[in-house]
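Reader: I would like to go through this model with you, one feature at a time. Shall we start once it is on screen?

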Amino acid sequence: MAGRYKSKIGWSEVTPREVFMSRRQWMTGAAALGLGAIAGPSFANIRRNAKFSTLEEPNTFEEITSYNNFYEFGTGKDDPARFADALTTDPWSVEIDGMVERPGNYNLADILGAMDIEERVYRLRCVERWSMVIPWVGFELADMLKMAGADMNAKYVRFETLYRPDEMRGQRRRTVPWPYVEGLRMDEALHPLTFMATGLYGEEVLPNQNGAPIRLVVPWKYGFKSIKSIVKVTVQNDEPLNSWQEIAPNEYGFYANVNPNVDHPRWSQAMERRVGGGLLAKNQPTEMFNGYGEEVASLYEGMDLAKFY
Ligand code: MTE
């Protein structure tokens, strides 16, 4: 991780917009032809970061893209796959503001051009008790924060999803106080496991239902922390109030670290169901920090992990 970030972005090194666009168009064409995860011209270059990837069998592309939580498109598991096509993901920019040296509205293509894109195969454990294994494509959040000159002594990072009810039909109802908001402590945000996904299954473009074109992935926390379709990142000293905490503070908190020993007020978190495998899908024990304890337990030394939050 160290050393590979270009502290001063040479804008000439950034992927020219035409190249990025033609890649995206190629992808769209490939998807239309049903080529799915078949490698295209640029895919072969995406290397897997083995150090941060589980050897568990990934879920299928079909499972990952048809069983989703994305309330902006409805509360049903199949609503995102049915309705997320309505979302325009290009052009897209991410506003980075707050305690940063270079605040601004960063064009997604420029961000991508400055980042080291790689694959990470992570477990995802939803607070609702289902889990998956997903091969994400993207970059470390820390690199994007450095790009904007974030004050690393700031305490928190806040994230916001797009609010566009004419394309996100779920936003026409107040199931969530829109826009969806999430947050991390700065040390969590800078952790090398904390990832910004911009693609999956070897593809450089994320399916809309999975949070296109850019979403957070924090594998040791319940899935609701992994906020989708991000348009704003703010570096600040106040602890952000995340949407689920605002909706039900007795059930969801700020930290939301996966913990099999602390039950949700309405269900046990000891076990989880790996999506796939039909009716015979096996329930398996949930691991502390979703199995990432070795990497992240030190972040919480001295904290009372018996608290759900
Ligand atoms: N982000 C937004 N903006 N809206 C959402 O409803 N759902 C969260 C999270 N990110 C959600 C979101 C929940 S509860 C989970 S489990 C994951 O997205 C699911 O990610 P996936 O559909 O890619 O598996």
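Author: Go ahead. Keep in mind that this is a predicted model.

Reader: In which sense do strand E1 and strand E9 pair, and over how many bridges?

Author: Strand E1 covers residues 93-98 and strand E9 covers residues 230-236. Glu95 has Lys232 of E9 as its bridge partner. Asp97 stands opposite Thr234 in E9. The two strands pair in the parallel sense, over four bridges.

Reader: How many residues lie between E1 and E2 in their hairpin?

Author: E1 and E2 run antiparallel and are joined by four bridges. Val94 is partnered with Tyr106 in E2. The number of residues between the two strands of this hairpin is five.

Reader: What is the order of the strands in the open sheet?

Author: E1 pairs with E9 in the parallel sense, while E1 and E2 run antiparallel. The pairing in the sheet is mixed. Five strands make up this open sheet, in the order E2-E1-E9-E5-E6.

Reader: Which strands stand at the edges, and why is one side of each left without a neighbour in the sheet?

Author: Each edge strand has a single partner strand, so one side of it has no neighbour in the sheet. The twist from one strand to the next averages 20°. The edge strands are E2 (104-107) and E6 (181-185).

Reader: Which residues come nearest to the ligand?

Author: The ligand sits in the second largest pocket. There are 17 residues around the ligand. Those that come nearest are Asn68, Tyr71, Glu72, Ser226 and Lys228.

Reader: How much of the ligand's exposed area does the protein bury?

Author: A polar backbone atom of Tyr71 is 2.8 Å from an oxygen atom of the ligand. For an N or O atom in the side chain of Asn210, the distance to a ligand oxygen atom is 3.1 Å; for a polar side-chain atom of Arg215, the distance is 3.0 Å. Taken alone, the ligand exposes 540 Å², and the share buried by the protein is 98%.

Reader: Where does Pro179 lie, and what is omega for the bond that joins Trp178 and Pro179?

Author: Most peptide bonds are trans. The bond between Trp178 and Pro179 is cis. Pro179 lies in the loop between strand E5 (156-161) and E6, and omega for the bond is about -5°.

Reader: Is the peptide bond from Ala212 to Pro213 cis or trans?

Author: Pro213 has its place in the loop between strand E7 (195-200) and strand E8 (215-217). Omega for the bond from Ala212 is near -5°. The bond is cis.

Reader: Is the phi of Arg129 positive or negative, and what is its value?

Author: Most residues other than glycine have a negative phi. Arg129 is not a glycine, yet its phi is positive. Arg129 is found in the loop between strand E3 (118-125) and strand E4 (130-140). The phi of Arg129 is about 95°.

How values were computed. Residues are numbered from 1 along each chain as its sequence is written. This is a predicted model: local features need pLDDT of at least 70, side-chain atom pairs count only at pLDDT 80 or more; totals for chains, interfaces and linings use all residues. Side-chain values use heavy atoms; hydrogens and water are left out. Two strands pair if DSSP finds at least two bridges between them. Axes are lines fitted to C-alpha atoms, for helices over the stretch in contact, and angles run from 0 to 180 degrees between N-to-C directions. A residue is near a molecule or strand if one of its heavy atoms lies within 4 Å of it. A polar contact is a pair of N or O atoms within 3.5 Å; within protein, one must be able to donate a hydrogen and the other to accept it, and residues adjacent in sequence count only if both atoms are side-chain atoms. Accessible areas come from the Shrake-Rupley method with a 1.4 Å probe; for residues, only the protein chains shown count as cover. On a 1 Å grid over the protein atoms alone, a cavity is a set of points where a 1.4 Å probe fits but cannot get out, and a pocket is an open set with protein on both sides within 12 Å along at least five of seven lines; lining residues have an atom within 4 Å of a point. A molecule sits in a cavity or pocket if more than half of its atoms lie within 2 Å of its grid points.
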